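Please follow this explanation with the sequence and the coordinates open side by side. The text moves from a helix to a sheet and then to a single residue.

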Amino acid sequence: MENQRELLNQLRIDRNEAKPPSRLPWFLALLVVAALGGSGIWWWLASGPVLVVSPVAAMAPGANADSATAVLQATGYVTARRQATVSAQITGTLAEVLIEEGEHVEAGQVLARLIDTEQQATLAQARAQVAHAKAQVSQVSAQLAQARRDLERQQDLVGRKLVSRQAVETAQTDVTSLGAQLAAQQRMVDLAEAQQRSAQVQLDYTTVRAPFSGMVIAKAAQVGEIVSPLSAGGGFTRTGVGTIVDMESLEIEVDVNEAYINRVTPGMQAEAILDAYKEWKIPAHVVAIIPTADRGKATVKVRVGLDQKDARILPDMGARVNFLEEKKPQSASAAPPKGVLLPDSAIVQRDGKSVVFVIKGDRVVQAAVSPGAAMGDLRLAEGIAASTQVVRKPPPELANGSRIQLSE
């Protein structure tokens, strides 16, 4: 009985026994920490810089007004009116090449020399022939002088009846014959001198010279190679030593759609913009309209001359040409419009008002403006000063005092 009572006592639950600690407070603490961390991350993201498009400056009306407006735009390439691949006038082996790419050469400057052993020998032979012919002339001249003296003596003797008439005739024949020989020998001198000049020309052909002043843009041959003015036909013979461009003759050739060619006239003002320097506007003018059309592209080629020469302008550069039309001069009494010119996209609505966002360091300040008349993609606006930097195309999240980061 007592044993049963002990067993029952062991099975009884003691209500006063300590309970295990609850995990609920720890779970609530973790929720609070997570909420605080999330709010911190949200605040950090919200306060980060807003990415905006590159800023633009407000312009006073007329500040960008040119004397002419563009009526047509076309693309093309810079070309040279004077460009030559220089070669030797005879076939030969190069002994010297005196040019490198990028060098400036003057007209007549030596660019290369060929091996001239054969030409030197030919010239020496021609000079010897000239000397021989002149010696023959001297010999015949001496014989003719003697024959004339003999004739004078024979004429004197025949007058005194000391010799026959036949002796005088024989002396006269000798003088005439030697005179003819002298004339023939003088022609031989002329022939020898002509041959000498021909040999000299052949020798000069071994020296390659610049036909005009310009810039070397290509070096096509090296010492030891054979050059020829004729086509090599796939062999190892070079057809040129180098290519020279006259940088003063650079111009732009553009293709204009034939539907708009009536807008272009010779002498028309234009401005050229190179693809390499997009902010540089080069004054130009229309030189000529090539009187033929491209059937495949339906375009007409137009030559545009550059009014400003610069070392940055290089052959085969891509270019864009704006053809300009003269504006009529405005009346001096006409008052300029009020306000400044802004891109229309810079003006946005905030709380029912037209505003722009002025850039102040790395933040923006909202400024109210009064929009006016539109001028193309620009619009007059009052409320800010000229040259003020404003944000183009402000995003919806941009607000007064927001930090910004510029994007190209």
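**A helix and its covered side**

In this predicted model, the buried residues of helix α4 are Val168, Ala171, Val175, Leu178, Leu182, Gln185, Val189, Ala192, Ala199 and Leu203. An α-helix has 3.6 residues a turn, so residues three or four places apart point the same way. The elements that cover the buried residues of α4 include α3 (117-159) and β7 (207-209). Helix α4 itself runs over residues 165-204, which makes 40 residues, and the span from its first C-alpha to its last is 59 Å, close to the 58 Å expected at 1.5 Å a residue.

From the helix we turn to a sheet. Four strands form an open sheet in the order β3-β10-β8-β5, and their pairing is antiparallel. At its edges lie β3 (83-86) and β5 (104-105), each of which pairs on one side only. Within this sheet, strand β8 (residues 214-219) and strand β10 (residues 242-245) are joined in the antiparallel sense over four bridges, and alanine 218 is found opposite threonine 243 in β10.

The last stop is serine 354, which belongs to strand β18 (residues 353-360). Serine 354 has a relative accessible area of 16%, and because the cut-off for a buried residue is under 20%, serine 354 counts as buried. Its side chain makes a polar contact of 2.8 Å with the side chain of glutamine 349. When neighbours within four places in sequence are set aside, the residues in contact with serine 354 are Ile347, Val348, Gln349, Ala367, Ala368, Val369 and Pro371.

Terms used. Residues numbered from 1 in each chain as written. Predicted model: local features only at pLDDT ≥ 70, side-chain atom pairs only at ≥ 80, totals over all residues. Heavy atoms only, no water. Helix = DSSP H or I, 4+ residues; strand = E, 2+ residues; numbered from the N terminus. Buried < 20%, exposed > 50% of the residue type's maximum accessible area, 1.4 Å probe, protein only. Polar contact = N/O pair within 3.5 Å; in protein donor to acceptor, adjacent residues only side chain to side chain. Contact = heavy atoms within 4.5 Å. Pairing = 2+ DSSP bridges. Expected span 1.5 Å × (residues − 1).
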